[in-house]
Structures are given as structure tokens and as C-alpha cells.
Amino acid sequence: MVVNFYRPVEVFFGEGALSKVGEVGRRFGFKALVITGKKSAKKSGALDKLFESLKHHGIQEIVLYDKVEPNPVDKMVNEASEIAVKEKVDFIVGLGGGSALDVAKAVSIVSSNEGSAWDYVKYPEGPRLIPYLNRPVICIPTTAGTGSEVNRFSVITNPIRKEKLVISHSLNYPKVAIVDPSLTLTMDRKLTAITGFDALTHALESLTNRVENFMAEEYSIRAIELIRKWLPVALEEPENITARRWMSYASMLAGIAIDHLGVALIHSLEHPVSAHYPHVAHGEGLAILAPYVTAFNYKGNPEKYALFAKLMGEEEKPHKAVDALVKFLEKIGLLKTLKDVGVEEDMIDRLTEDVYMLSRHSFLINPVEPTLDDVRNIYERAYKGEL
Ligand SMILES: [Fe+2]
């Protein structure tokens, strides 16, 4: 078997890495667009440090777009892209959780090509437009979960169509990732848990789906080991920098793994949930669906699910993967049902249809190819809490 391994993103990793941003930014020019969320990067002081480093290295002109919210919408990408064009910025810095990084990467494409954000998302039939230019992006994560800083994906929601889709293109890679684990110290307990579980789901799905790449799977395996060990510690001791460091690292590894291997049915079933119910965070939706999808999937790849169970501290048997997830979710406080987070039972048909309309290309790489009845059944179980 011939496998491919391609890493176009330069990484700076370690406490204090944020101070590198000015030096790195200077490679790309003198005028920056900084994209971030409304509050946390300001409150934690990270945004001030970012500005300080840029200015210290001669980047005097900094334009700020600070309107990114969780489950970011296409309008944010379009607004920030207009600013990038109007202000003629040389490069873009994304500072924040996955949302800010995903928007920064998408702005790179939308501000450099024709059309708007929704033209570049990938429907099963493909995107409407193919980009051919981009702007340099530096990604600086303040959470440990998405791995967006090292891959080609931006997840964007269209609130009018109630669709959540992915921009996936080689021009959507950031040029540089600055991963500074000290920036994650201010995450609260819930954010730590849901972002950490997103990373675990990336590792689980990339390991167990039908795409094979033993080099990338090493990253999934290591990420699972690290998250199992360090996420509970980060939750109990939020100031424990060792736990935060390993979580930042694991999130990055899992982000690289999905870049080569993709995700599978847990992500495909989650996206319609947070598209229709934007108050549900991505990681929270994944946590609800993961045990039910795994119960459906494990027979399709017994060897890898047994490995997952073992890595999570269970007996090395495929069906133990489900127990491992349930126990871990209980431990990190995320064992819930769709009903618990406000999903309405009569929406299950619509969610099922959306999985087919928007994500059916993932059925082929899922360990077991599902029918629409299977998808509906998984949603129903996750609604009622019937494993
Ligand atoms: Fe994810």
C-alpha cells in the first residue's frame, strides 16, 4: 500500500509561542487583519499580547474584526473578507477557538477570489467555485480541540438555509500555526470538556473509518492516549500547564489525522444538529451522538474499535469501545441526550434528510455504510437515551 503524508503548515509549539507572531508576520508584510471572537481573547489578555508582538516587529497597521461567534456563519466570513479587500491587508491572523480560526482561513480564500463564502463550501456534488488564490494566514488557537490550525477545513453555517458545511481545499491551510498552551489556561470547565471531546472524536473517527493511512493513524492513536490521560486532569486542575500542554498537542495531532483520513458519521450527524440548534456547541453534539454511532459502527471495523477500547483503558474488544465512551463522557460531564439540549423529537426526520442531502459522501467511508433508516434510528436513540 502506498500512503501519502503532506504537512504544509509550519508549527511553533510551546508556552510563550504567541510572542513569535510579530516575527512571523513580518515575512508576509506590514498590514494585518486580526480575526477573533467578541470576548475571551480580550479578557484573557491574549489580544493585547498579539498586538504588542506585531507592533514590536514593525507591523503598525492592524485592522481588527472581532465579531466571530461559535458556530460561525457565512456572513462573518463575507464581512471580514470585504474588510481585507478594502484595507488591502497583507496577511490574516486568526486568534481564538475553532470558529475564529475557521473564519480566518475562509477569509483568506473569499477575499482573494470571486464570489462569497457559500460558493466554496463542499456539498456532496462539490463546491460551486474553486479558489485559485489565497492570503497568508497565521492561526493561534486558544482552545484545545478543533485542530483547525493545522488542517484545510473551515466549518461554516448558513443560517438561512440552516446548513453547516465545510470548506475543504489545499488553499485553505494556514501558513503558520502558533500553538501556545498557556492561552488555553483560561478556558472554563465546560469549554475544556467539549473542545477536548471534539479532539477525541477526530482521533476516533480518523482511526476507525475506512480510509487507511498508517502514518496518519499514528497521530490518532497518540491523540487518544493523551486525551484519555490529560483531559480529566485539565478539568480537575484548570491551571495545570502540563495537562493543558498535552491537550493542545493532542488536539493538533488529531487535527493532522483528520486532514489525511477525514471524519465519519459522528460528525455527519452532528452538523445538522448545531445548524438547526446553534446554541448546541459542536463538541457537545458530538458527545451526545458518539456512543450511539459507535454502537452502530463497531462491527464494521472490529480491530480498530478494539484498539480504541484498549487505548481508553478497557478490555481489547470492539464492543467495549461503546463502554469506554460512556464512562469517559460520564467522567467529563458530557453524558447527555438530544432531548436534554432542546432538540425537538419532530425534527428528527428533517435532521435525517439533512444528513443525506449534505453529508452522504461520508457514508462510503463510515465503518458501516448506513441507510437513512439507520441514521433516523441513531437520532431516535440519542434523543431517548436508549443505547
Ligand atoms: Fe470536530
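Visitor: Is Glu125 buried or exposed?

Guide: This is a predicted model. Glu125 counts as exposed, because its relative accessibility of 62% lies over the 50% cut-off. The side chain of Glu125 forms a salt bridge with that of Arg360, at 3.0 Å from N to O. Glu125 sits in the loop between helix H5 (98-110) and strand E5 (137-141), while Arg360 sits in the loop between helix H13 (348-359) and helix H14 (372-384), so the bridge links distant parts of the chain, 235 residues apart. Arg360 itself is partly exposed, at 24% relative accessible area.

The structure holds 25 salt bridges, and another of them joins Glu87 and Lys31, at 3.2 Å from N to O. Here too distant parts of the chain are linked: Glu87 belongs to helix H4 (residues 74-87) and Lys31 to strand E2 (residues 31-37), 56 residues apart. Lys31 is buried, because its relative accessible area of 13% is under 20%. Glu87, at 28% relative accessibility, counts as partly exposed.

A further salt bridge pairs the side chains of Glu69 and Lys38, at 2.8 Å from N to O. Glu69 lies in the loop between strand E3 (61-68) and H4, and Lys38 in the loop between E2 and helix H2 (40-43), so this pair ties together parts 31 residues apart in sequence. Both count as partly exposed: Glu69 has a relative accessibility of 35%, and Lys38 one of 44%.

Notes: Residues are numbered from 1 along each chain as its sequence is written. This is a predicted model: local features need pLDDT of at least 70, side-chain atom pairs count only at pLDDT 80 or more; totals for chains, interfaces and linings use all residues. Side-chain values use heavy atoms; hydrogens and water are left out. A salt bridge is a side-chain nitrogen of Lys or Arg within 4 Å of a carboxyl oxygen of Asp or Glu. Helices (H or I, at least four residues) and strands (E, at least two) are DSSP runs, numbered from the N terminus. Buried means under 20% relative accessible area, exposed over 50%, partly exposed in between (1.4 Å probe, protein chains only).
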